[in-house]
Amino acid sequence: MTDIQTTRIVLAARPEGRPKPSDFRTETQALKAPQDGQVLLETLYLSLDPYMRGRMNEGESYAPPMALGDVMVGGTVSRVVESRYPNLKAGDVVLSAAGWQTHAVVDGKGLRKLDPDAAPPSTALHVLGMTGFTAYSGLLTIGQPKEGETVVVAAASGPVGSMVGQIARIRGARVVGIAGGADKCAYVVDELGFDAAVDHRAPDFAKQLAQACPDGIDVYFENVGGPVWDAVQPLLNLYARIPVCGLVAHYNDKDVAEGPDRLPAMMGTVLKKSLTIRGFIMSELMEEQMPAFLKDVTGWIAEGRVRWREDMVEGLENAPDAFIGLLEGKNFGKVVVKVADL
Ligand code: NDP
């Protein structure tokens, strides 16, 4: 036995709609010493992501749900404290999936060793990690933006949306971002170089979006659903491509909303405009595209063509509130929880 203890946040109850602080519980547990092939990790940074909300529900999705009492899932940047895995030693910094806890014993195989001198280690959780890869693979595989086309993306100041827009610009497209509030809209235009941005909370949002897209929309990268999709649909051009990446506007829904059945009208649009709508889970594209992603994005960062913004939260104890806020757009940039000093 090591005398190391982990402080961890577990799923205490399945949320009904919006998660509450009482859906989470903090526990302390002694850890067993690492066995052959395992390492003991200390969490430095924890990534908070919208997909975690789906894992809190009962029922099968593209990944199995968490059980009550399980440690909340999550990507981490962690330091190796003790290693019984040949390729890692104490002090190495790795990308792991240790979840919402201060320490963990995990298999060494599959951990990505990071070079803290090459890029700030927390970037492995976003621009050089899962969310950056999601943007890269979904946009280039399904969206296939061409020079001069109009690309629209919502949650545009967040880690996926910001990368979608910047990569589309690199590919020569005209990019319109959709974001919540004036500050986020200003950021995507002034800092990220989008051509225009529209606030989805504005009362005349649909009209503003139409004005920002005078040539219609060729690629709509779907991150949110809801009223944003309603405003996008009439603007889609013939042969438009729609990578369906996420539907964060619906993650806290309790039931299917009542109202008229609009599916026939939507399928009519799909037919008449020869739309390509394809969902994807980034992991299905990882094996094939991860090397190209790391090479391209590392190069774009070095050339100053890709930027990012972190919304850094101090302390594991603040993860539940930050996560609840993330689902409501209270974050500004990639939510990273700093659990321990680098
Ligand atoms: P963000 O950090 O951007 O956070 C979500 C953002 O969504 C909020 O900040 C908010 O931004 C926006 N939002 C929330 N509610 C609404 C609403 N009702 N209408 C419009 N916008 C809303 O998230 P990520 O960049 O990490 O993820 C973006 C999407 O990508 C999510 O749907 C996520 O589930 C999905 N995803 C999918 C993956 C895949 O493999 N398919 C992998 C990774 C992520 P604002 O204030 O600007 O509205």
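**Entry 1: the cavity.** I began with helix 3, residues 159-170, and found that this helix gives the most to the lining of the largest cavity, with 3 residues. I keep in mind throughout that this is a predicted model. I then asked how many residues line the largest cavity, and noted 13, of which Gly158, Pro159, Ser162, Trp308 and Arg309 lie nearest its centre. Sorted by class, the lining of the largest cavity has 5 nonpolar, 5 polar and 3 charged residues. The space in the largest cavity comes to about 80 Å³, and I recorded that the structure holds 1 cavity of 30 Å³ or more.

**Entry 2: the ligand.** For Val160 I noted a backbone N or O atom that lies 2.9 Å from an oxygen atom of the ligand. At Phe280 the ligand takes part with a nitrogen atom, which is 2.9 Å from a polar backbone atom of that residue. Which residues come nearest to the ligand? Out of the 28 residues around the ligand, I wrote down Lys184, His200, Tyr251, Met282 and Asn331 as those that come nearest.

Entry 3: Next I looked up an open sheet of 6 strands, whose order is 10-9-8-11-12-13 and whose pairing is parallel. Why is one side of strand 10 and of strand 13 left without a neighbour in the sheet? Strand 10 (196-199) and strand 13 (276-279) stand at the edges and each has a single partner strand, so one side of each has no neighbour there. Direction ignored, neighbouring strands of this sheet are turned by 15 degrees against each other on average. I reminded myself that strands of a sheet pair through backbone hydrogen bonds, either parallel or antiparallel. For strand 12 and strand 13, I found pairing in the parallel sense over 4 bridges, and I noted that Arg241 has Thr276 in strand 13 as its bridge partner.

**Entry 4: the second largest pocket.** The volume of the second largest pocket is about 730 Å³. Its lining has 23 residues, and I marked Trp229, Asp230, His250, Arg262 and Met266 as those that lie nearest the centre. By class, the lining of the second largest pocket divides into 11 nonpolar, 5 polar and 7 charged residues.

Technical notes
Residues numbered from 1 in each chain as written. Predicted model: local features only at pLDDT ≥ 70, side-chain atom pairs only at ≥ 80, totals over all residues. Heavy atoms only, no water. 1 Å grid on protein atoms, 1.4 Å probe; cavity = no way out; pocket = protein on both sides within 12 Å on 5 of 7 lines; lining within 4 Å. Points joined across faces, edges and corners; volume = space filled by probe spheres on them. Nonpolar A, V, L, I, M, F, W, Y, C, P; charged D, E, K, R; others polar. Pairing = 2+ DSSP bridges. Helix = DSSP H or I, 4+ residues; strand = E, 2+ residues; numbered from the N terminus. Axes fitted to C-alpha atoms, helices over the stretch in contact; angles between N-to-C directions. Near = heavy atom within 4 Å. Polar contact = N/O pair within 3.5 Å; in protein donor to acceptor, adjacent residues only side chain to side chain.
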